[in-house]
Amino acid sequence: MPTLMTTPAAGRFGGFGGRFVPESLVPACDALAAAFSGAWADPAFRAELGDLLAVYAGRPTPLTPARNLSAALGVELLLKREDLAHTGSHKINNVLGQALLARRMGKRRILAETGAGQHGVAAATAAALLGLEATVFMGERDIERQQLNVLRMTTLGATVVPVTTGSRTLKDATNEAMRAWVADVDDAHFLLGSVGGPHPYPWMVRELQRVIGDEARSQSPYVPDVVVACVGGGSNAAGTFAGFADTPARLVGVEAAGGAAMSSGRPGVVHGARSMVLQDADGQVAEAASIAAGLDYPGIGPEHAFLGSVGRAEYHCVKDDEVVAAVRRLARAEGIICALESAHAVAWVLREAGGPLLPTGSRVLLTLSGRGDKDMATLGEVA
Amino acid sequence: MKLLVPYLTAGVTENWIDYLLAMQAAGADAVEIGLPFSDPMLDGVTIQQASDQALARGVTIDSILAEIKGVPVRVPLIAFTYANLVFRPGADEFCRRLAEAGFRGLIVPDLPLDEAASVEAAAASHGIELTLLVAPVTPDDRLAEIVARSRGYIYAVSRMGTTGERDALASSAATLAARIKAAQAARIDAASALPVLVGFGVSGPAQAAEAGRAGDGVVIGSALMRRVLDGATPADLEAEVRALRAALDRADQEATADHASHAEISGHRG
């Protein structure tokens, strides 16, 4: 059974991954890969990060049995509660690791892209904690629909730069962050929020997120039949899957129907890696369309493309109306308001429970990647 | 002589071919044709706007190549585009189509040395010269390999940043051009004679002359595309390019007082 890549030197996941960046960024990517390799093997770095994750981020996060939903659906559903981590999502795991690394590399500032603003808030938080300057690039359209997170970022002292080009969402924010990095590569660390981008990012971010899967594995009383997580770029799913890749558990990633790179995309190169990409016949990257800003992205991390291509993980998609219904059902059944992004995983379980993909009696572990406060205005609009 | 290579985003306006002919008439030695990409991550705001404008007009790679095919272009054409457009049909098919449309060269800014092998092979098999880029931060051993593998030209990225107009030419431009020249001097093969073009952020005749003194020629994109986006006619653009030509020629005459420097593009299209 294929498991996760353990020898990342070439940055390849089968035919996916790699490093498609301008020559100007190649030395910086090399330096980052070397620095992360060194830090990840350094017990002092691991201890410092582990301490921050415990006393600052609130780890370990609980594994909550969803008793009412389980009874109603006829499956056993466990929720890995990343919504309870500091800043409200799993993004804090990655940013604390990368911000510590940035400081270790002598960087003065961090650059980050954000869609829903969860990564931007987390990056601004880590920067504040560790004394780094933060600049966050965010699409103008996302700024409009995620005002709360914009205010959180500015309160934390970050500069939020509106991106007005292209679809004015995460894809364009990522372009702009990479442009800014080229211009300030000595001083700045590009704190990428997901498992995409050039090597070493897909590997590094998965390693920093694997705490989700490792904790869940040790907290769960059994190896679940199915492990499920939402996927945009795919960092919470990658971290979750990492804890179960060597078990018989089925790994399920759930994409937004309007941003389903695995279901509707083709192999392509965007933002520095070869992966699955929504694109037209010429290779122009398509604009995704999802109610969840964090999944409004036409690509996916290259390791997911690999896991899907070899059949180790399966990828499904759900529609916006199923997602909205899932937020409400989880809230009313369990008293948990999850993010629209996380609700994709919930919606898939709600839809498939009792069917061939998720037979009655299945034991399901679902990563609830974030909390839903930021989405209240959006939910209000769809009544 | 010093080489003048203006850049034009294909399809930016309905009459974009007229700009191409204007560049040729004004004395361009070659023209870089930008094949617009939805996510031009190494381009500044001007080329982004030009690319968006072209794509919004509905141009495709096929429509661009079909338009170019029928045009009486004498100067070499070099495609400048991003990796995804090359890989989508496959590098071999992409290069075949470029060659069929009369292109001489190809530049892919997000295809570094380490990822270039398949495109190098495809380009070579269709007679397309794949020009590689060198950046100010490129270490010496890597620079030497780029010099050995680049075809047509060697592209010196003048500064750490995106394309786009700047108030002054970065000091890194001359340093980098000198490092490339030194690496070429250590060789005895064809790579030792490839022209070194300086590009990224070169704006106006004075900077063109300065960049031309640093290398064998200059690529000018955003400064010209800004004029096109602002409504310059082909005749206006021809005058701009003539001014650049004159500035480069003056720089060359000054330089030849010290030493003869000949960098030429051999052969002509069609």
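User: Let's start with A:K91. Buried or exposed?
Analyst: A:K91 counts as buried, because it has 32 C-beta neighbours inside 10 Å and the cut-off for buried is 20 or more. Keep in mind that this is a predicted model.

User: Ok, and where does A:K91 lie?
Analyst: A:K91 is in helix α4 of chain A, which covers residues 91-104.

User: What does A:K91 touch, leaving out residues up to four places away in sequence?
Analyst: A:K91 has contacts with A:Q118, A:H119, A:A122 and A:G193.

User: Which feature does UniProt place at A:K91?
Analyst: The UniProt record, an unreviewed entry, lists "modified residue: N6-(pyridoxal phosphate)lysine" at A:K91.

User: Zooming out, how is chain A divided?
Analyst: Into two pieces: domain 1 is 14-52 + 91-190, and domain 2 is 60-89 + 210-381. Taken over C-alpha atoms, the centres of domain 1 and domain 2 of chain A are 23 Å apart.

User: How many residues are in contact between domain 1 and domain 2 of chain A?
Analyst: Domain 1 of chain A puts in 28 residues, and domain 2 of chain A puts in 33 residues. On the domain 1 side, β2 (16-17), α4, α5 (118-130), α6 (140-145), α7 (147-155) and α8 (170-183) of chain A each supply at least two residues. By class, that side of domain 1 has nine nonpolar, 14 polar and five charged residues.

User: Switching to the chain contact. How many residues come from chain A and from chain B?
Analyst: Chain B gives 30 residues and chain A gives 26 residues. In chain B, α2 (45-56), α4 (83-87) and β6 (133-134) each supply at least two residues of the side that touches chain A.

User: Which of those gives the most?
Analyst: α4(B) does, with four residues on the side of chain B that touches chain A. That side of chain B has 18 nonpolar, seven polar and five charged residues.

User: Last topic: at what angle do α5 and α6 of chain B pack?
Analyst: Helix α5 (residues 91-100) and helix α6 (residues 117-125) of chain B pack at about 35°, with axes 8 Å apart. The crossing of α5(B) and α6(B) is right-handed.

User: And which residues meet there, in α5(B) and α6(B)?
Analyst: From α5(B) you have B:A91, B:D92 and B:C95, and they meet B:S118, B:V119, B:A122 and B:A123 of α6(B). The residues of that contact split into five nonpolar, one polar and one charged.

Conventions. Residues are numbered from 1 along each chain as its sequence is written. Chains are lettered from A and ligands numbered from 1 in the order in which they are written. This is a predicted model: local features need pLDDT of at least 70, side-chain atom pairs count only at pLDDT 80 or more; totals for chains, interfaces and linings use all residues. Two residues are in contact if their C-beta atoms, placed from the backbone, lie within 7 Å. Ala, Val, Leu, Ile, Met, Phe, Trp, Tyr, Cys and Pro count as nonpolar, Asp, Glu, Lys and Arg as charged, and the others, Gly among them, as polar. UniProt positions are given in the numbering used here, feature names are shortened, and annotations may be inferred rather than shown by experiment. A residue is buried if 20 or more other C-beta atoms lie within 10 Å of its own, exposed if 12 or fewer, and partly exposed in between; C-beta atoms are placed from the backbone. Axes are lines fitted to C-alpha atoms, for helices over the stretch in contact, and angles run from 0 to 180 degrees between N-to-C directions. A crossing is left-handed if the near helix is turned anticlockwise from the far one by less than a right angle, and right-handed if clockwise. Domain bounds come from an automatic or database domain assignment.
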